[in-house]
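Welcome! Here is a short briefing on how charged side chains pair up in a protein chain and how nonpolar ones gather together. Take a look at the structure, then read on.

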Amino acid sequence: QVRLVESGGGLVQAGDSLRLSCAASGLTFNRYIMAWFRQAPGKEREFVAHITGSGDATFYADSVKGRFTISRDNAKNTMHLQVNTLKVEDTGVYYCAAKIALFQKYDYWGQGTQVTVSS
């Protein structure tokens with residue numbers, strides 16, 4: 001059974017930083033593209049960033065480019081999202097997701113971790 005478990009969220013002030021983590025089990029981790037999505041209150045879930053299975057390529061949404069960094073540790077089956085210079089509009093539930101190929105839908109999702117940024 002595949003499990004993705006996010007952690008690291010919290011209540012912070014604008015300008016602060018956080019490091020989100022996603023621990024994966026039940027899958028051959030280095031074969032999967034891993035991604036972060038987020039959902040703000042009253043809005044649809046949106047893509048944040050993804051990283052290839054080997055970790056050699058990353059892609060970011062324009063809204064987070066330059067502030068967020070996605071990374072993975074295949075030896076530990078974990079993925080991280082370093083979030084810097086947080087803005088109030090970064091508030092939301094952050095989800096990790098996994099898929100086997102680039103042009104496929106995401107197969108697995110975590111339960112999410114809440115990030116709340118106050119002004």
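In this predicted model, D62 and K65 form a salt bridge, with their closest N and O atoms 3.0 Å apart. D62 counts as exposed, at 65% relative accessibility, while K65 is partly exposed at 49%. The count of salt bridges comes to 5.

**Other salt bridges**

- D90 pairs with R67, and here the closest N and O atoms are 2.7 Å apart.
- D90 sits in the loop between β8 and β9 and R67 in the loop between β6 (58–60) and β7, so this pair ties together parts that are 23 residues apart in sequence.
- Are these two partners buried or exposed? D90 is buried, with a relative accessible area of 0%, and R67 is buried too, at 10%.
- A network of salt bridges links R38, E46, R67 and D90.
- K105 and D107 also meet in a salt bridge, at 4.0 Å from N to O; K105 is exposed at 62% relative accessibility, and D107 is partly exposed at 31%.

**Nonpolar cores**

- In soluble globular proteins, nonpolar side chains tend to be buried together.
- The largest nonpolar core here has 28 residues, and M34, W36, M79 and L81 have the most contacts inside it.
- Several strands give two or more residues to this core, including β4 (33–39), β8 (78–83) and β9 (92–99).
- The strand that gives the most is β3, with 4 residues.
- Beyond its neighbours within four places in sequence, M79 is in contact with residues including L20, F29, M34, W36, I51 and C96.
- Another core, of 5 residues, lies apart from the largest one, and I33, A35, A97 and Y106 are among its members.

Key: Residues are numbered from 1 along each chain as its sequence is written. This is a predicted model: local features need pLDDT of at least 70, side-chain atom pairs count only at pLDDT 80 or more; totals for chains, interfaces and linings use all residues. Side-chain values use heavy atoms; hydrogens and water are left out. A nonpolar core is a set of buried Ala, Val, Leu, Ile, Met, Phe, Trp, Tyr and Cys residues joined through side-chain atoms within 4.5 Å. Buried means under 20% relative accessible area, exposed over 50%, partly exposed in between (1.4 Å probe, protein chains only). Contact means heavy atoms within 4.5 Å. A salt bridge is a side-chain nitrogen of Lys or Arg within 4 Å of a carboxyl oxygen of Asp or Glu.
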